[in-house]
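Subject: Structure handover

Hello,

Here is the structure for you to look over. My notes on the ligand site follow below.

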Amino acid sequence: MARKVLVLGEIREGALRNVSFEAIAAAKTVAEGGEVVGVLLSDRASDFAQEIIAYGADRVILVEDEKLKTYTSDGFGQAILQILDTEKPEGIIMGHTALGKDLAPKVAAKMESGLISDATAVEVTGDQVVFTRPIYSGKAFEKNSIPDGIVFATIRPNNIAALEKDGTRTGEVSSFNAEIKDLRTIIKEIVRKTSEGVDLSEAKVIVAGGRGVKSANGFKVLQDLANTLGGAVGASRGACDADYCDYSLQIGQTGKVVTPDLYIACGISGAIQHLAGMSNSKVIVAINKDPEANIFQVADYGIVGDLFEVVPLLTEEIKKSLV
Ligand code: FAD
């Protein structure tokens, strides 16, 4: 069944987030040959329209408004609900990001529709669109579909492959005149705690440190390896609690859930709450002094040793191979 599917493109710090392109790929599956429509909400949405098309959107709807310069559920909610009312799509896909987690339930509630959150795969079986999502902190997966009404899902970053970018693709770009009433929330300033660089939730490579790193200074060796691999640094709660790094780097049940191509765990014991946030990484490398550490149970490659010896050696070897 051909469907019209809307995809919310997420703009952050002057760029579209990768998950937007992954959402387009998911929407293509859901659309079954129907139309994939990108939606961009921003004060300068038009800057990103061609990129959305290059990644596979057939058409793009722009809402440009100063009130959409930074995300608020109020402003974005008003804009998207008006677009949905006009477009009447059969599907909506958003990223399972901080924005998507906030906006999607609000929109679903207003529309009285179902919502499948945090999907890691999508397929069409018969006339049903079936999403796979992790449950029990990633120990099992369930398959869900919404039998009646709009197919609405948020997708976890780094799980559904984006389509190849094709700059020759063309598509219609139109402006939508949304009436955004005065916002109840005004964002005056955004203060970022994380250092600049690769976003943890979308990073393809993560070098994570635990209590075994022993100090804030100790994280420098991990940062060096992460920089060499073009990745991001993450942490266990043990490291955050010990004040070695900021809580925004915490991975796990009460931190971020990540699925990079490569996860290098350094001085992390592998508590169940930590595994909940990273065990679905594609390749896991563990470096730990203790051969009995639980992290080795989920690791594809294990190195028993002192991270302060192993990590600099790894960085050096990788740097050599990159020359
Ligand atoms: P430790 O368990 O102390 O492990 C340190 C490891 O470093 C050891 O295995 C040790 O052998 C190794 N080591 C020491 N020195 C070296 C060295 N020089 N070289 C190599 N290895 C070395 N934890 C999370 O991570 N994320 C969460 O989201 C989270 N949520 C939680 C929610 C709840 C409700 C609760 C109760 C706990 C939660 N925790 C979470 C905490 C979790 O239970 C563990 O306490 C925590 O993950 C331990 O952190 P760690 O592995 O860094 O420290």
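A polar side-chain atom of Gln-273 sits 2.8 Å from an oxygen atom of the ligand. Taken alone, the ligand exposes 1,000 Å², and the protein buries 76% of that (Shrake-Rupley areas, 1.4 Å probe).

Some ground rules. This is a predicted model: local features need pLDDT of at least 70, side-chain atom pairs count only at pLDDT 80 or more, and totals for chains, interfaces and linings use all residues. Numbering runs from 1 along each chain as its sequence is written, and side-chain values use heavy atoms, without hydrogens and water.

Asn-288 places a polar side-chain atom 2.7 Å from an oxygen atom of the ligand. Ile-251 has a polar backbone atom 2.9 Å from a nitrogen atom of the ligand.

The shell (a heavy atom within 4 Å) holds 25 residues; Arg-211, Ser-236, Thr-254, Ser-269 and Asn-288 come nearest. Four shell residues are nonpolar, 15 polar and six charged (Ala, Val, Leu, Ile, Met, Phe, Trp, Tyr, Cys and Pro are nonpolar; Asp, Glu, Lys and Arg charged; the others, Gly among them, polar). Helices H6 (237-241) and H7 (272-278) each supply at least two residues of the shell (DSSP runs, H or I, at least four residues, numbered from the N terminus).

The ligand takes the space of the second largest pocket (1 Å grid over the protein atoms alone; an open set with protein on both sides within 12 Å along at least five of seven lines; lining atoms within 4 Å of a point; more than half of the ligand atoms within 2 Å of grid points). H6 gives the most to the lining of this pocket, with three residues.

Best wishes

Notes
Polar contact = N/O pair within 3.5 Å; in protein donor to acceptor, adjacent residues only side chain to side chain. 1 Å grid on protein atoms, 1.4 Å probe; cavity = no way out; pocket = protein on both sides within 12 Å on 5 of 7 lines; lining within 4 Å.
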